[in-house]
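Let's take a walk through a protein model together. Have a look at the sequence and structure first, and then we'll go through some of the details.

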2 protein chains.
Amino acid sequence: MSLWVASLMLAGLMLRSFGEPGPPGEADPLPSWNDGAAKQAIITFVDKVTQEGAPDFVPPAERIAAFDNDGTLWAEQPLYFQFAFALDRVKALATQHPEWKTKEPFASLIKGDLKAALAGGERALTEILAVTHAGMTTDEFQAIVQRWVRTARHPRFNRPYTECIYQPMLELLSYLRTNGFKTYIVSGGGVEFMRAWVEEIYGIPPEEVIGSMGQLKYEIRGAQPVLVKLPGVDFIDDKEGKPIGIQRHIGRRPIAAFGNSDGDRQMLEWTMAGTGLRLALLVHHTDEKREWAYDRNSQIGTLSTALDEARAKGWTVVDMKNDWRTIFPK
Amino acid sequence: MSLWVASLMLAGLMLRSFGEPGPPGEADPLPSWNDGAAKQAIITFVDKVTQEGAPDFVPPAERIAAFDNDGTLWAEQPLYFQFAFALDRVKALATQHPEWKTKEPFASLIKGDLKAALAGGERALTEILAVTHAGMTTDEFQAIVQRWVRTARHPRFNRPYTECIYQPMLELLSYLRTNGFKTYIVSGGGVEFMRAWVEEIYGIPPEEVIGSMGQLKYEIRGAQPVLVKLPGVDFIDDKEGKPIGIQRHIGRRPIAAFGNSDGDRQMLEWTMAGTGLRLALLVHHTDEKREWAYDRNSQIGTLSTALDEARAKGWTVVDMKNDWRTIFPK
């Protein structure tokens, strides 16, 4: 971020510290964000790119914002929610598969021993994904996920996973859309898994979801065409995959990107390397009490090189504990 | 199409034959279409899905229309325009590649002997694509295509390829968008090739273009990240690939699909197999004089099984000669 932008941000903060609440009658678009550098960086950015005739103005068609999902829009601890879905699904399918009682990784999973189940490494994970995410049509899979979303509850918060989303980020999504942005999800999660619920929960339509993808097969069953989910993986939307997924899907570079882990580093880099004013933001999980505190040493959502790059380049870093007034929706 | 819809269409035609020109003051949204079954099928469909409270009403978010490009939105004879681009590109690069003088398929291409060049089959084609569509960044490729589009001219019509687009289809795109549709391109053509010009020519933004895709690589050059186009093919958006591409990219089924060849059959099938009112339309090239007449025996844009299915299932078939008042924009 340039010195010039930094000074403007400072000016904004000073105005606030002199008790200036913004234009009269204008409601705060981000009420769950405490006043501070992160909130100010967002508002300054949006004001500048939407002000017609100003040097940083960006036409609405180019106002593309990219959001990671796990750890950025919803929580990701104690394990990725999509993986929790897969484990629940294995348990639900176990009665139809008596052979799993003696077959790893299923035997350990059914006993609830996640560590033993995952001792099989990538092969174990692939087998779990194959039985839970393939072998059905896309419509059938959507119905399975939607049923799970309505019934499963987060072990710590005892509420649906879809209520373990971040209230400040919901406000941010809505604020950007009100200002003419398209808000894309760009996540390592499975695209079919996310599309089953993101429209209702985030207001993001299926065509604005980019994710990892399994192979699909077009087939005629009876007289009806169906798309069958196959076990093979087609695309991993993580790390270098994120800018590639963005290019394949959107075909233009975002002007704002939001993430929380090293898996988002390339997406933020790619976003910031374009011309004109841009915004890169990392959510730093610093709130052990209300959520979790983790970064460099976490297995899930590792934040290390991206945090270094954010500090070196002046990207915005949200300190969850201090910047967010509330974490989850009431 | 149901008997009921057919009767309504007939009623519409009868109204017209009695000299009823439609509500006073309402301009014809499709002036380049002659009155007839195809035009009436389109207008009846749009009227029904946009009439709030009516049984066939479709909310705007679900108004997805999918258009093939080659032979549906622009011409495709005497050879696919993207292939004409590749040949021009080989000629432009030849001075930097003296070894091509004795190396097939390039030697024949430079001499203008397309038939000999393509005698090498798929391997020849792959080599041509590799040198013309890979080895540069996505930004560089876009600039190359945009330069070509501005300078190359169609051999028969002696006008830019981007003026060999169909005026009646431009009106249809605009008519659908005015009625709240998103108009996607779903083409076997390369996605990066199309995105270089479709926004200006069709008013379709890059994120609404689905096409075949080459492999991409994320790389840091100097301090700048770039996406490099690799020779490998990642996805072929043709035949079964079209419904798969639609699912991967849009995540919901179109309610209207437009094509002209057997490569579009599965896309039309997939579109029509959803619930509620739907429209499938094939452009039949029947106008030797103003464009071309070809179907079952054409190498390019073969229309055979899709024409049979259209007739069996009552899909709309445009007879280019009789249904279109004009072919290209003036």
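## Salt bridges and a shared surface

In this predicted model, the side chains of B:Lys242 and B:Asp68 meet in a salt bridge, 3.0 Å from N to O. (A salt bridge is a side-chain nitrogen of Lys or Arg within 4 Å of a carboxyl oxygen of Asp or Glu.) B:Lys242 sits in helix H11 of chain B and B:Asp68 in the loop between strand E1 (64-67) and helix H3 (81-93) of that chain, so the pair ties together parts that are 174 residues apart in sequence. Helices (H or I, at least four residues) and strands (E, at least two) are DSSP runs, numbered from the N terminus. Both B:Lys242 and B:Asp68 are buried, and here buried means under 20% relative accessible area, exposed over 50%, and partly exposed in between (1.4 Å probe, protein chains only).

A bit of housekeeping: residues are numbered from 1 along each chain as its sequence is written, and chains are lettered from A and ligands numbered from 1 in the order in which they are written. Since the model is predicted, local features need pLDDT of at least 70 and side-chain atom pairs count only at pLDDT 80 or more, while totals for chains, interfaces and linings use all residues; side-chain values use heavy atoms, with hydrogens and water left out.

How many salt bridges does the structure hold over all chains? There are 40.

| Residue | Partner | Distance |
|---|---|---|
| A:Asp35 | A:Lys39 | 3.5 Å |
| A:Glu219 | A:Lys217 | 3.4 Å |
| B:Glu199 | A:Arg252 | 3.6 Å |

Now for the place where the chains meet. The count between chain B and chain A is 10 salt bridges. Salt bridges that share partners join A:Lys182, A:Arg252, B:Glu199, B:Glu207 and B:Glu208 into one network. The contact (heavy atoms within 4.5 Å) takes 36 residues from chain B and 36 from chain A. About 3,000 Å² is buried between them, with carbon and sulfur atoms giving 52%; that buried area is the accessible area (1.4 Å probe) that two parts lose on being put together, summed over both. In chain B, B:Glu207, B:Tyr218 and B:Arg248 lose the most area to chain A, together 24% of what that side buries.

How do the copies relate? A rotation of 180 degrees with 0.0 Å of shift along its axis superposes chain B on chain A, with an RMSD of 0.0 Å. So the two copies are related as by a two-fold rotation axis. In chain B, the C-alpha nearest the axis belongs to B:His249, 3.4 Å from it. Copies are superposed by least squares on the C-alpha atoms of residues with pLDDT of at least 70 in both. Also, 100% of the interface residues of chain B are interface residues in chain A, so the copies meet through the same surface.

One last stop is helix H13 (residues 305-313) of chain B, whose buried residues are B:Ala306, B:Leu307, B:Glu309 and B:Ala310. The face of H13(B) turned away from its buried side carries the exposed residues B:Arg311 and B:Ala312. Just after H13(B), B:Gly314 takes a positive phi of about 75 degrees.
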